[in-house]
Amino acid sequence: MTVAKTVWGYIQNRDHRVMRRVNRWKAPRWIRYWMIAGHTNRRRVAVVRVGRHSPDRRRTESLAAVSVAASAALAGVVVFKGLKKISHRQRPCHLEPHCWSRVLPPDQFSFPSGHTMTAFSIALVISYFYPGFEGTLYFLAASIAVSRVVLGMHFLSDVLAGAVLGSGLGVTAIVVFASYGLL
């Protein structure tokens, strides 16, 4: 048995253990509402809002923030769709029923979490431009990530990989735009 298979087996065993605990947990009502809000409000926490509601109203900075964040998010879509086609990892909700969540998955495969990847890439980019909002942005990104596990859409490792990849895409987008003198 190779090291990679041993490590992957360990991760999968941990993921399945967490999945079973979460799927059987009858969360308090306020947590249920929070998790479903994190799932449904992801589209409302859009990059475009930064352009309209930027605190300093400087159009060029707002336009740069939106451009870099949108680039990171679009790159994330390409990355997570490609990785999902390669991994073919089933979602937790396909393996075991959830005790209270009836949210349907957006696609068939689990690894990595595209919602988490997008949330963290956007949070990193926007917090680069508006450092005063980083706590709120990372709280929202983490809420989206946690909601994916609690609602039975993803394993913990899917969400962790999505957060790491999303952060990497955010940093890459900032570096690329800065290297071309666009920031």
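**A buried salt bridge and the helical core**

Arg-89 and Asp-158 are both buried, where buried denotes under 20% relative accessible area, exposed over 50%, and partly exposed in between (1.4 Å probe, protein chains only). The structure is a predicted model, in which local features need pLDDT of at least 70 and side-chain atom pairs count only at pLDDT 80 or more, while totals for chains, interfaces and linings use all residues. Residues are numbered from 1 along each chain as its sequence is written, and side-chain values use heavy atoms, with hydrogens and water left out.

The side chains of Arg-89 and Asp-158 form a salt bridge with an N to O distance of 2.8 Å; the term requires a side-chain nitrogen of Lys or Arg within 4 Å of a carboxyl oxygen of Asp or Glu. Arg-89 is placed in the loop between helix H4 (59-87) and helix H5 (92-95), and Asp-158 in helix H8 (residues 156-179), so the pair ties together parts that are 69 residues apart in sequence. Helices (H or I, at least four residues) are DSSP runs, numbered from the N terminus. A search of the whole structure finds 1 salt bridge.

Asp-158 counts as buried because its relative accessibility is 0%. Its side chain also reaches the backbone nitrogen of Phe-155 at 2.9 Å. With neighbours within four places in sequence left aside, Asp-158 is in contact (heavy atoms within 4.5 Å) with Arg-89, Ser-110, Phe-111, Pro-112 and Ser-113.

The largest nonpolar core contains 33 residues, and those with the most contacts inside it are Val-68, Val-125, Ile-126 and Phe-129. Such a core is a set of buried Ala, Val, Leu, Ile, Met, Phe, Trp, Tyr and Cys residues joined through side-chain atoms within 4.5 Å. Two or more residues are given to this core by each of helix H2 (29-40), H4, helix H6 (114-129), H7 and H8. H6 supplies the largest share, 8 residues. In H6, 14 of the 16 residues are buried. This helix reaches 23 Å from its first C-alpha to its last, close to the expected 22 Å, the expected span being 1.5 Å times one less than the number of residues. Apart from neighbours within four places in sequence, Val-125 is in contact with Ala-65, Val-68, Ala-69, Ala-72, Gly-170 and Ile-174.

Helix H7 (residues 134-150) has 17 residues and reaches 24 Å, close to the 24 Å expected. Its buried residues include Leu-137, Ala-141, Ile-144 and Val-149. Thr-136, also in H7, counts as partly exposed because its relative accessibility is 48%. Just after H7, Gly-152 takes a positive phi of about 80°.

The count of aromatic pairs comes to 2; rings of Phe, Tyr and Trp (its six-membered ring) pair if their centres lie within 6.5 Å, and planes under 30 degrees apart count as stacked, over 60 as edge-to-face and the rest as tilted. Phe-120 and Tyr-138 form a tilted pair, at 6.5 Å centre to centre and 35° between the planes. This pair links distant parts of the chain, with Phe-120 in helix H6 and Tyr-138 in helix H7, 18 residues apart. Phe-120 is buried at 14% relative accessibility, whereas Tyr-138 is partly exposed at 30%. The rings of Tyr-128 and Phe-129 have centres 5.2 Å apart and planes at 90°, so this pair is edge-to-face. Tyr-128 is partly exposed at 46%, and Phe-129 is buried at 13%.

Note on methods
Polar contact = N/O pair within 3.5 Å; in protein donor to acceptor, adjacent residues only side chain to side chain.
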